[in-house]
Amino acid sequence: MGIKNYLIEGSSGTGKTSVATELERRGYHVVHGDRVLAYIGDPETGQALAGPPAGADRIVWGYAHWIWPVDKVRAIAADTTHPITFFCGGSRNFDKFLDLFDKVFVLDIDVETLNRRLDGRPNEPGFEPAERALVLRYHDTRGYLPVGINIDTADTVPSVVDDILAQLT
């Protein structure tokens, strides 16, 4: 195992990318899971999938099959080059590598702020009406989220990162 590994999860629009960018700005090693790890695949086997089966809801299916390669996550977590590594992003197969993390942080936000954030992201998940409905449903049910330390992201990004960093000890 690496020295310390932390997972920062949350539904679309809760601030995972913003938190990751702020952590990088402060000099931490960050893995942007949604940018460098994620792919569409079978959450149980890890096999890459070309797309939804005929008749499946493309949005629901895609969300349910957004995964990270377990072997790659394990390799990065085992790297002792960095004293701390933050993995930031969403994955539907987190249960396959949750044991690698010293702590898990789950970003959360009130629905009004979430809607405002999603409104400002025209090229991101949650902007289109069908995606928005799914994001809001999962936000309400906490679907596809691991159990972890809840972090309210309604404040400024630097203060959210301060809150996370204060809980590392």
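This is a predicted model: local features need pLDDT of at least 70, side-chain atom pairs count only at pLDDT 80 or more; totals for chains, interfaces and linings use all residues.

**Fold and overall shape**

I started with the secondary structure and counted seven helices and seven strands in the protein chain. Reading along the sequence, I wrote the order down as β-α-β-α-β-α-β-α-β-β-α-α-β-α. Next I looked up the radius of gyration: 16 Å for the protein chain, close to the 15 Å that the globule rule gives for 169 residues, so the chain is as compact as a globular protein of that length. The C-alpha trace spans about 45 × 35 × 25 Å along its principal axes.

Then burial and contacts. I get 44% of the 169 residues as buried. I also checked how far apart in sequence the contacting residues sit: taking contacts between residues at least 6 apart, 75% join residues at least 24 apart.

**Surface and charge**

The protein chain exposes about 8,400 Å², and carbon and sulfur atoms supply 54% of that. For charge, I have 17 positive and 24 negative ones in the protein chain. How far apart are the mean positions of the positive and negative charges? My note says 1 Å.

**The cores**

I went for the largest nonpolar core next, which has 17 residues. Which of its residues touch the most other members? I noted Ile 8, Val 19, Leu 23, Phe 86 and Ile 164. The elements that give it two or more residues are β1 (5-10), α1 (16-25), β5 (85-88), β6 and α7 (157-166). The largest share, four residues, comes from α7. There is another core apart from this one, with 15 residues, and I jotted down Ala 77, Phe 87, Phe 94 and Phe 97 among them.

Back to Val 19 for its partners. Not counting residues up to four places away in sequence, Val 19 touches Ile 8, Leu 107, Val 157, Val 160, Val 161 and Ile 164.

**Phe 105**

I found Phe 105 in strand β6 (residues 103-108). Buried or exposed? Phe 105 comes out at 0% relative accessibility, and it counts as buried because the cut-off is under 20%. With neighbours within four places set aside, Phe 105 is in contact with Tyr 6, Leu 7, Ile 8, Glu 9, Ile 149, Ile 151, Ile 164, Gln 167 and Leu 168. I checked one of these by distance: Gln 167 is 62 residues away along the chain, and its C-alpha is separated from that of Phe 105 by 9.6 Å.

**Two histidines**

His 32 first. This residue is in strand β2 (residues 29-32). Its relative accessible area is 10%, so His 32 is buried. Leaving out neighbours within four places in sequence, I listed Thr 17, Ala 20, Thr 21, Glu 24, Leu 37 and Cys 88 as contacts of His 32.

Then His 65. Where is His 65 found? I placed it in the loop between α3 (58-64) and β4 (66-67). His 65 is buried too, with a relative accessible area of 16%. Residues up to four places away aside, His 65 touches Tyr 39, Ile 40, Gly 41, Asp 42, Pro 43, Leu 49 and Arg 92.

Technical notes. Residues are numbered from 1 along each chain as its sequence is written. Side-chain values use heavy atoms; hydrogens and water are left out. The radius of gyration is taken over C-alpha atoms; the globule rule is 2.2 Å times the number of residues to the power 0.38. Buried means under 20% relative accessible area, exposed over 50%, partly exposed in between (1.4 Å probe, protein chains only). Contact means heavy atoms within 4.5 Å. Accessible areas come from the Shrake-Rupley method with a 1.4 Å probe; for residues, only the protein chains shown count as cover. Lys and Arg count as positive and Asp and Glu as negative; His and the chain ends are not counted. The place of a charge is taken as NZ of Lys, CZ of Arg, CG of Asp or CD of Glu. A nonpolar core is a set of buried Ala, Val, Leu, Ile, Met, Phe, Trp, Tyr and Cys residues joined through side-chain atoms within 4.5 Å.
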